[in-house]
Amino acid sequence: MVAPRRFFPSISSLRALEALDRHGSASAAAMDLDLDLTQGAVSRQLQSLEAQLGVELADRSHKQLALTENAVEYASEIRLALNTIAQASLRVQQEPIAGTLHLAILPAFGMRWLMPRLPDFSRLHPDVTVNMATRLRPFSLTGEGFDAAIHYGKPQDWPETEAMLLKHEQLIPVCSPEFQASRRIAGPKDMLACPLLHIQTRPTAWAEWFSAVDVQTEGQLEGATYDQFATINQAAQHGLGVALMPDYLVEQDLATGKLVALYDRAIETGGGYYLVWVRGRIRNAGLVKFRDWLAPQAQAEDPLPR
């Protein structure tokens, strides 16, 4: 059922509200090159929006317009909606000419696992353009205009979606050769006395790894935290501690001697890398081709032996 007309303000007034929230003042919003409005026009757009909604959106008791708390929250939701409209418009313009896939990826997995494989996809499907942007954490696929995401975690982390497992994550503790030489590390238990380097998106990774190798831990495992594998890899190479890294990310560094492994094999601790898409969006021709191309390269849901 379609909502009444009063719930559909003009795009111009909504864009003015969004710009006012983003820039903080009507004068700054008026200078937004994408709006091309005067300061007075921004103010009038806001007044028109208030009249239609029957709600005050700005405090005019001072010289400068200030959005109310409710208006700021409203503007945040409108920003997502405007972006969705823009992305949908872009797709409808592009896809009659060639299939287009808007894909969110993790920077490390995208660079080391996906990129080396993409030339094969381009060769097989030259009609599909893959647009990519990096995201580190789960987000709203529909809210940000993506058709799909390649992300780490579990399928239930993404409500209202379907998912295809690409690869289970297997972790291995690594450090620099110099760090290893300066410590007595005969086995996993000895690592508890070392500075442990943590990745922000895997806060329980070390605890799960120690549990998997039958080492008891007490309390929180302290250590420096990094937001990306690229930086934690560099920290390990420079002797700042022991990093727990996905095996596919450190193969080259182990082979060249920049890092050394402190355990004889990589261990799976629970999470995996998935291709995730909004339920029903699989009608996108580009996404169908991409999913079908990835399927033979995907790891089995329950590989044996582990």
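Modeller: Helices here are DSSP runs of H or I with at least four residues, and strands are E runs of at least two, both numbered from the N terminus. The model is a predicted one, in which local features need pLDDT of at least 70 and side-chain atom pairs count only at pLDDT 80 or more, while totals for chains, interfaces and linings use all residues. Residues are numbered from 1 along each chain as its sequence is written, and side-chain values use heavy atoms, with hydrogens and water left out.

Biologist: Where is the place of H23?

Modeller: H23 belongs to helix 1.

Biologist: Why is H23 called partly exposed?

Modeller: Buried means under 20% relative accessible area, exposed means over 50%, and partly exposed is in between (1.4 Å probe, protein chains only). The value for H23 is 35%, so H23 is partly exposed.

Biologist: What does H23 contact, leaving aside neighbours within four places in sequence?

Modeller: Contact means heavy atoms within 4.5 Å. On that basis H23 is in contact with A28, A29 and D32.

Biologist: E18 lies in helix 1 as well. Is E18 buried or exposed, and what makes it so?

Modeller: The relative accessible area of E18 is 9%, which is under 20%, so E18 is buried. Residues up to four places away in sequence not counted, E18 touches R79 and L82.

Biologist: How do you know how helix 1 is placed relative to helix 3?

Modeller: Axes are lines fitted to C-alpha atoms, for helices over the stretch in contact, and angles run from 0 to 180 degrees between N-to-C directions. The axes of helix 1 (residues 11-23) and helix 3 (residues 39-53) come within 8 Å and cross at roughly 115°. Angles under 35 degrees count as roughly parallel, over 145 as roughly antiparallel, 65 to 115 as roughly perpendicular, and the rest as oblique. Helix 1 is therefore roughly perpendicular to helix 3.

Biologist: Which residues make the contact?

Modeller: Helix 1 contributes S12, S13, L14, A16, L17 and L20, and helix 3 contributes V42, Q45, L46 and L49.

Biologist: What makes you put the buried residues of helix 12 on one side?

Modeller: In helix 12 (residues 285-294) the buried residues are G286, L287, F290, W293 and L294. They cover an arc of only 130° around the axis, so they are on the same side of helix 12. The arc is that of the directions from the helix axis to the C-beta atoms.
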